[in-house]
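Here's a quick briefing to read alongside the model. Have the sequence and the 3D view open as you go.

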Amino acid sequence: MAVYLGFDSSTQSLTVIAIEVEGSRRRVLYTRSLNFDEMFPEYGTKNGVLPHDDPLVARSSPKLWAQALDTMMGTLAKESGIPLAKVRAISGSGQQHGSVFLDASAGEILAHIDPGTPLVAQVGGIFARETSPIWMDSSTREECEEITQAVGGEGDLALLTGSRAFERFTGPQIRKYYKEDPDGYERTDKIHVVSSFMATLLAGRHACIEPGDGAGMNLMDIARRRWSAVALQATAPDLETKLPELHESWTIVGPLAPYWVKRYGFPAKAKVVAWSGDNPCSLIGVGLVSQGRIAISLGTSSTLFGFMPAPNVDPTGSGHVFGSPTGDYMSLICFENGSLARERVRDEHKLDWEGFSQALRATPPGNRGGILLPWYRPEITPTVHKPEVRRYGLDERDGPGNVRAVVEAQMVSMAIHSAWMGVNVSCIHATGGAARNRDILKVMADVMNAEVYQFEVTNSACLGAALRAYHADHVADRKKVSWEDVTAGFAEPVKSSRIAPDPGNVAVYEELKKIYSACEAHALRGGDDPMPLIEELRKRR
Ligand code: ADP
Ligand code: XUL
């Protein structure tokens with residue numbers, strides 16, 4: 001029997017999953033989540049983010065992530081009951097784009113961590129920058145423009161790196177830091193993303209970045225899967241010396257560092273496998289290792305993604321191409337106003353999740369034309385810098401109407417902005433915390449005109465990380481294993497969970513998509529007033 005561990009260091013929590021594999025016998029042994037705000041209040045985060053006066057700035061604490069990892073490893077050793085000696089490999093998934101700036105002392109210090117003292121007490125001095133910008137940060141508009149100019153325009157940058165410049169991407173964030181604190185930048189010896197930082201802590205040495213997360217930086221040549229000299233030069237000086245190496249997703253970073261072996265009793269030969277981004281890991285965790293289906297993840301962010309055999313970049317500029325952990329590619333669009341926007345509406349109308357679901361059941365598809373543009377925070381897709389919530393034909397005090405409006409807005413926006421992927425969607429794999437809510441998934445099925453399936457494990461990023469550990473362990477031992485074998489028995493949708501689209505509702509949403517697009521155009525680009533369209537729909541339906 002072999003045990004594999006997958007971690008997910010997400011915006012709001014650290015989760016672990018332990019899976020057991022013995023031939024075709026596969027099962028989940030253990031799963032546990034630590035919420036950052038609740039478990040580590042001393043860091044002062046709210047929903048995993050440090051408070052800041054500027055709504056465009058979003059940062060968190062890398063020490064908090066390190067402390068959560070230490071606590072979780074202790075929990076695994078002392079409380080989980082899993083056979084530690086059987087752990088063969090460990091991998092993980094990290095919130096994408098976030099960056100950790102380490103000084104030159106980090107290498108030596110991490111190689112000699114004393115097992116008698118908690119991790120955080122020893123790594124406090126390794127950070128060139130105390131806080132880490134995360135994916136919710138949208139304060140780098142100027143840097144995006146500068147990088148775009150230097151590389152030769154949006155189209156060229158997208159062709160080169162898989163995306164035009166995005167505020168949350170690591171490259172623009174690095175440029176901002178270099179401009180604001182040149183001494184801090186000079187002091188920085190290595191710049192990790194969240195995933196490679198966490199793998200670094202486990203292995204006690206600088207881990208590589210892999211193409212799943214590397215593609216979220218505006219720094220990697222997407223076709224060649226190596227750092228792009230042109231993009232690096234456009235971003236900040238001497239960047240090539242500060243970035244970790246770039247290697248495939250199944251790279252073994254090294255054995256587990258002695259700290260974890262001596263302090264908690266993990267086996268010395270357990271392999272640390274490169275960590276990847278949460279969306280690339282999710283691609284594995286929902287079994288999308290071949291073409292033809294898509295996944296929608298309803299976590300803190302909402303993402304829609306699918307497998308892609310070649311890097312076909314989005315000509316409209318709203319989507320991304322990332323590396324897939326299989327060595328291929330994936331397409332993705334991301335929305336910042338995901339769970340936190342749904343929670344805002346839920347809380348404004350004093351509901352719990354059951355009340356939220358009841359509101360969905362009590363209101364008609366199409367919401368009688370009532371539209372909400374749910375930009376509680378700045379939005380990534382479409383680009384909205386100044387947070388603003390707009391309503392069309394919808395009363396602010398109408399609780400059920402606002403609940404339906406926020407869910408419909410999110411689903412309709414996903415449908416509109418994913419058209420560039422050119423996938424004829426007939427089947428959606430739903431994942432993330434809110435995918436347990438079948439009333440939300442019903443709206444998804446009707447808007448996307450596709451069947452929606454749920455999974456046994458809702459944290460597909462975490463499961464995908466454990467499956468990647470299993471895959472890399474086999475590759476390292478020169479054993480043949482296909483991705484279909486890797487995901488079999490774990491990442492298959494639950495057949496009985498199928499939610500089918502209703503043709504009548506699909507027709508309503510076809511009309512609503514046009515109205516929603518008109519509302520977006522009105523709010524963002526001064527387009528025509530969409531109210532006449534709403535009145536027309538009301539007359540007919
Ligand atoms: P992340 O990994 O991005 O931190 P998760 O995928 O764990 O987030 O999702 C957590 C979110 O799931 C919570 O913030 C909450 O809004 C949402 N959630 C949990 N239960 C429900 C439910 N029954 N209905 C809708 N949303 C839910
Ligand atoms: C993807 C993105 C988010 C983060 C947070 O591009 O920004 O989905 O990975 O989970």
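**Salt bridges and a ligand site**

Let's start with Glu20, which is buried, with a relative accessible area of 3% (buried means under 20%, exposed over 50%, partly exposed in between, using a 1.4 Å probe and protein chains only). This is a predicted model, so local features need pLDDT of at least 70 and side-chain atom pairs pLDDT 80 or more, while totals for chains, interfaces and linings use all residues. Residues are numbered from 1 along each chain as its sequence is written, chains are lettered from A and ligands numbered from 1 in written order, and side-chain values use heavy atoms, without hydrogens or water.

**Salt bridges**

- Glu20 forms a salt bridge with Arg25, their closest N and O atoms being 3.1 Å apart (that is, a side-chain nitrogen of Lys or Arg within 4 Å of a carboxyl oxygen of Asp or Glu).
- Arg25 is partly exposed, with a relative accessible area of 46%.
- Arg88 and Asp477 form another salt bridge, with closest N and O atoms 2.7 Å apart.
- Searching the whole structure turns up 29 salt bridges.

**Around ligand 1**

- There are 13 residues surrounding ligand 1, and Ser10, Thr300, Glu343, Gly433 and Asn437 are the closest (a residue counts if one of its heavy atoms lies within 4 Å).
- An N or O atom in the Thr300 side chain sits 2.8 Å from an oxygen atom of ligand 1, and a backbone N or O atom of Gly433 is 2.8 Å from an oxygen atom of ligand 1 (polar contacts are pairs of N or O atoms within 3.5 Å).

How values were computed
A polar contact is a pair of N or O atoms within 3.5 Å; within protein, one must be able to donate a hydrogen and the other to accept it, and residues adjacent in sequence count only if both atoms are side-chain atoms.
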